[in-house]
Amino acid sequence: MNDEVILSVRNLKIHFDTEEGEVKAIENVNYDLRKNETLGIVGETGSGKSVSAYAVMGLIPQPPGRILGGEIIFKEKDLLKVKKDEMRKIRGNEIAMIFQEPMTSLNPVFTIEEQMLDILRAHGFSKKDARLKSIEALEKVKMPDPKLVLKKYPHELSGGMRQRVMIAMALSCEPSLLIADEPTTALDVTVQAQILKLLKRMQEEYNMSVLLITHDLGVVAQNCDSIAVMYAGNIVEYGSAEQIFERGMHPYTKGLLKAIPPLEEKTEKLNVIPGVVPNLIYPPQGCRFHPRCGRATRGKCDVEIPTLEEIKDDPGHKLACFNPYGG
Ligand SMILES: Nc1ncnc2c1ncn2[C@@H]1O[C@H](COP(=O)(O)OP(=O)(O)OP(=O)(O)O)[C@@H](O)[C@H]1O
Ligand code: SF4
Ligand SMILES: [Mg+2]
């Protein structure tokens, strides 16, 4: 792996104004993504994974969103400061995103060909070249019979095929950063594994960095170099896959690790973490995890906010907790 950091998110803070009150969605998010690295962002629903990804894409709706602080440094530029036009260019050429349910990002009234050609034409390809390039892109994602697929409408394809189309579209402009927001959640287990394998292969072939967002620690286990564990708007633990899986110390990380179902077992999760993600209009004081945490201490965890700091004897492994396991 190359050590060059291509994306550095620093002290990101984003709130949303709603009728019910101010949703304090992202409180303090910090991570680095290196060239050719896959970073997994893991956390339960509502922890702020998608909002932090949309921020990198410059797609936070303002209003109701308000970016209250932080920096998103991509190739030495702060994306929070670039003009809309420039951001649009970066989004088309250098950063691409694939979404959870491809049906919502594919237009149902146009064929796959029309949609793929649109993107490539916008990148300056002639119609003929765009068509050739579309076929090539579909072949790359191992789509059976690309020429036939081009003639189809999105609803005529299976979920897995639609996601392959999305990946082909995202890769057609050869981005250096790919954000995959729950790319396999809508798919069944076998197709899920195929798509993840495909993403890994594409990452290697295109020398991309990948931000892989998921609520499933099992998914990041096989696919990520580094992992950021997110809870209620904060990164609570961050490290290499080995550091998180072998030496994870945050009580929330520990809970997620316990909740991974044993291999081959499709039963309901047995060890889900008790309690629910807090209402982010009125987040708990102190550590936002304290109402659910078995290690919380009164007068400390419910008052002070733990900050993400590197663990002394484990370079690169960062933790935000006053009473970690093994600490
Ligand atoms: N446009 C918006 N207006 C108001 N609140 C929003 C908006 N977008 C996101 N939020 C809030 O921000 C918080 C984080 O949402 P986000 O979608 O990032 O969660 P997530 O971790 O991606 O969850 P999931 O796993 O369900 O996709 C949630 O409380 C959500 O309700
Ligand atoms: S800071 Fe306290 S409440 Fe928060 S995770 Fe650590 S022990 Fe639990
Ligand atoms: Mg999400």
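## Around helix 11

Among the elements that cover the buried residues of helix 11 are strand 3 (38-42), helix 9 (217-223), strand 9 (226-231), strand 10 (234-240) and helix 10 (241-247). The residues of helix 11 that are buried are Pro251, Tyr252, Thr253, Gly255 and Leu256. Keep in mind as you look around that this is a predicted model.

Is Cys287 buried or exposed? It has 27 C-beta neighbours inside 10 Å, and the mark for buried is 20 or more, so Cys287 counts as buried. Setting aside neighbours within four places in sequence, Cys287 makes contact with Cys301, Ile305 and Pro306. There's also Val236: it is 51 residues from Cys287 in sequence, yet the two C-alpha atoms are 9.8 Å apart in space.

Cys287 turns up again at ligand 2, where the closest residues are Cys287, His290, Cys293, Cys301 and Cys321. In total, 13 residues surround ligand 2. Sorted by class, they come to 9 nonpolar, 3 polar and 1 charged.

## The shell around ligand 1

Now for the other ligand. Ligand 1 has 16 residues around it, and Phe16, Ala25, Thr45, Ser50 and Val51 are the closest. By class, this shell holds 7 nonpolar, 8 polar and 1 charged.

Which elements each supply at least two residues of this shell? They are strand 1 (5-18), strand 2 (21-34) and helix 1 (49-57). Helix 1 gives the most, with 3 residues.

## The largest nonpolar core

The largest nonpolar core has 85 residues, and the ones touching the most other members are Ala170, Ala228, Val229 and Val236. Helix 7 (residues 159-171) is the element that gives the most to this core, with 8 residues.

Take Ala170 as a place to start looking. Leaving out residues up to four places away in sequence, Ala170 touches Ala96, Met97, Ile98, Pro175 and Leu178.

Helix 4 (residues 112-122) packs against helix 5 (residues 127-140) at an angle of about 115 degrees, and their axes are 9 Å apart. The crossing of helix 4 past helix 5 is right-handed.

Who meets whom here? On the helix 4 side you'll find Glu113, Met116, Leu117, Leu120 and Arg121, and they meet Lys127, Ala130, Arg131, Lys133 and Ser134 of helix 5. That contact is made up of 4 nonpolar, 1 polar and 5 charged residues.

Most peptide bonds are trans, and most residues other than glycine have a negative phi. A few spots here go the other way. A cis peptide bond joins Gln62 to Pro63, with omega about -10 degrees, and another cis bond links Pro63 to Pro64, with omega about 5 degrees. Pro63 is in the loop between helix 1 and strand 4 (65-74), and Pro64 lies in the loop between helix 1 and strand 4 too.

As for phi, Glu174 has a positive value near 45 degrees. Glu174 is in the loop between helix 7 and strand 7 (177-181), and it counts as partly exposed because it has 13 C-beta neighbours inside 10 Å. Ala232 also has a positive phi near 45 degrees, and its loop is the one between strand 9 and strand 10. Ala232 counts as buried because it has 25 C-beta neighbours inside 10 Å.

Conventions: Residues are numbered from 1 along each chain as its sequence is written. Chains are lettered from A and ligands numbered from 1 in the order in which they are written. This is a predicted model: local features need pLDDT of at least 70, side-chain atom pairs count only at pLDDT 80 or more; totals for chains, interfaces and linings use all residues. A residue is near a molecule or strand if its C-beta atom, placed from the backbone, lies within 6 Å of it. Helices (H or I, at least four residues) and strands (E, at least two) are DSSP runs, numbered from the N terminus. Ala, Val, Leu, Ile, Met, Phe, Trp, Tyr, Cys and Pro count as nonpolar, Asp, Glu, Lys and Arg as charged, and the others, Gly among them, as polar. A residue is buried if 20 or more other C-beta atoms lie within 10 Å of its own, exposed if 12 or fewer, and partly exposed in between; C-beta atoms are placed from the backbone. Two residues are in contact if their C-beta atoms, placed from the backbone, lie within 7 Å. Axes are lines fitted to C-alpha atoms, for helices over the stretch in contact, and angles run from 0 to 180 degrees between N-to-C directions. A crossing is left-handed if the near helix is turned anticlockwise from the far one by less than a right angle, and right-handed if clockwise. A nonpolar core is a set of buried Ala, Val, Leu, Ile, Met, Phe, Trp, Tyr and Cys residues joined through C-beta atoms within 7 Å.
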